Every structure is written in C-alpha cells, then in structure tokens.
Amino acid sequence: VCLFNREGVLQWDYWTDGSVNSVAVSTDGECVVAGSDDSYVYFFNKEGVLVWRYKTGGNVNSVSITPNGKYIVAGSKSNKVYFLNSEGELLWDHWVDGHAKSVAITPDGRYIAVGSSGYLGGEVYLFSPWEAILKKIIEDAKSTISRIKMKYDVKEAEILLAQAEAAFKKGDYDKAEELALKAKKKAIEISEQAKEVEKIIEDARLTILEEKLKYNVEKAEILL
C-alpha cells in the first residue's frame with residue numbers, strides 16, 4: 001500500500017502478505033483502507049500506522065469507506081460481504097452468489113451495493129443492514145443495563161435506552177444509535193463510580209476497625 005501527495009511524493013508505504021486489490025481513502029485523508037489477497041482488510045491512519053486489520057474468509061477483492069471514515073465495507077472471494085466500523089469491529093456480514101468483486105457504500109453508510117461473479121454470471125445486490133445492526137446495538141445496551149441494574153441504580157441509562165428504542169421505531173436510526181451508545185456508556189459509568197465509592201467505604205470501614213482497638217471512634221462509625 002502506498003500513499004502519495006498531490007505532487008506525487010511518496011508519504012508512506014506498507015507491505016501486506018499478498019497482492020493489494022483495492023484501496024479507499026476517507027474524504028479528509030485521515031483514514032486509508034486496503035484489501036489484500038492475504039484475506040485481510042487493513043485500516044491505516046494518515047501517517048501510515050496500521051490501526052487494525054480484519055481477517056475475512058478469502059481474498060479481499062474490493063473495499064470502500066464512508067467519507068468520514070466511520071464505516072468500511074469489503075467484498076471477499078469467500079462469497080461474502082463484510083461491514084465494519086472504524087474500530088475494526090464486524091457489524092454485519094452477508095453471503096452473495098459468487099465472489100464479491102466490487103463494493104460501494106453511501107456517504108451515510110446506510111446502503112451497500114455489491115457486484116458479484118458466479119458460475120452462472122454476475123449479480124448486483126443492494127443491502128440496507130442498519131435495522132439489523134441497530135437491533136444488535138440496542139440489545140447490547142439493554143443487556144449491559146440489565147446486568148448493572150441488578151446491583152446499582154441505572155435510571156439515567158434506562159431513560160436514554162427508552163429514547164433510543166423510540167427513535168428506532170420512528171426510523172431515526174442516527175438518533176437511535178447515538179442514544180443506545182450513550183445509554184450503555186452511562187450504565188458503565190454508573191457502575192464504575194459506584195464501585196469506586198464502595199472501595200472508599202470499605203477502606204474507611206477497615207481504618208475505623210483498626211483505630212477502634214485504641215481509640216473511641218463512635219463519631220466516625222456514625223458517619224460511616
């Protein structure tokens with residue numbers, strides 16, 4: 001993989017373990033994605049540092065990235081299409097009839113077009129995976145909140161989750177995603193803060209017990 005500036009000066013390069021079949025760059029030039037015959041999708045920052053790589057089931061024929069670099073789609077010789085986020089997490093995948101030879105993604109990441117070639121000819125696919133993806137995001141947030149709720153008050157997170165579910169029903173997927181992620185984050189923050197308070201209380205309890213052997217700590221016990 002080689003990146004040049006507009007004057008044709010090489011900025012950086014990177015060797016993969018197979019032929020590079022496809023490269024795409026985000027609009028701001030901050031993200032570079034490449035697909036290789038070694039079955040990996042590579043994701044670089046603008047300095048050429050490999051941020052992550054994702055192994056598919058076969059040679060990667062084509063890659064595409066949204067203008068903001070948030071979502072990546074890749075077509076593989078394994079007859080499969082992969083949809084990833086900028087952290088390298090697989091959000092969705094789907095089988096196609098034949099090798100996924102070419103892929104494209106809309107700027108908002110909501111639609112994916114795929115061209116495949118099989119034994120009986122080629123086909124063109126149009127996917128909209130966001131409903132399935134958002135269901136997973138919302139269910140993940142719900143699961144996290146339910147787990148933490150068994151021990152701590154997560155009312156704030158529950159309110160955000162309810163708003164996310166309402167936005168999803170209305171078809172406002174951007175808002176639903178934003179709120180579901182906020183809900184999960186809020187629940188985790190509440191859990192971490194509560195655990196820190198529990199630790200402080202336990203430290204105070206042990207200190208009081210230790211000092212109680214020598215001094216009157218009745219006032220401290222009342223405060224505890």
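Lys184 is partly exposed, with a relative accessible area of 25%. Here, buried means under 20% relative accessible area, exposed over 50%, and partly exposed in between (1.4 Å probe, protein chains only). The model is predicted: local features need pLDDT of at least 70, side-chain atom pairs count only at pLDDT 80 or more, and totals for chains, interfaces and linings use all residues. Residues are numbered from 1 along each chain as its sequence is written, and side-chain values use heavy atoms, with hydrogens and water left out.

The side chain of Lys184 meets that of Asp140 in a salt bridge, at 2.6 Å from N to O. Asp140 lies in helix 1 (residues 130–149) and Lys184 in helix 3, so this pair ties together parts that are 44 residues apart in sequence. Asp140 is partly exposed, at 36% relative accessibility. A salt bridge is a side-chain nitrogen of Lys or Arg within 4 Å of a carboxyl oxygen of Asp or Glu. Helices (H or I, at least four residues) and strands (E, at least two) are DSSP runs, numbered from the N terminus.

The structure holds 15 salt bridges. One of them joins Arg110 to Asp174, with the closest N and O atoms 2.0 Å apart. Arg110 sits in the loop between strand 11 (99–105) and strand 12 (112–118), and Asp174 in helix 3 (residues 173–212), so the pair links parts that are 64 residues apart in sequence. Arg110 is buried, with a relative accessible area of 10%. Lys212 and Glu221 also form a salt bridge through their side chains (2.9 Å, N to O). Lys212 is partly exposed at 44%, and Glu221 is partly exposed at 33%. Salt bridges that share partners join Glu139, Lys142 and Glu165 into one network.

Ser78 lies in the loop between strand 8 (71–76) and strand 9 (80–85). Ser78 counts as buried, at 16% relative accessibility. Its side chain makes a polar contact of 3.4 Å with that of Tyr82. A polar contact is a pair of N or O atoms within 3.5 Å; within protein, one must be able to donate a hydrogen and the other to accept it, and residues adjacent in sequence count only if both atoms are side-chain atoms.

Strand 9 pairs with strand 10 (residues 90–95) in the antiparallel sense, over 5 bridges. Pairing requires at least two DSSP bridges between two strands. Phe83 stands opposite Trp92 in strand 10. The hairpin of strand 9 and strand 10 has 4 residues between the strands, and Gly88 there takes a positive phi near 85°.
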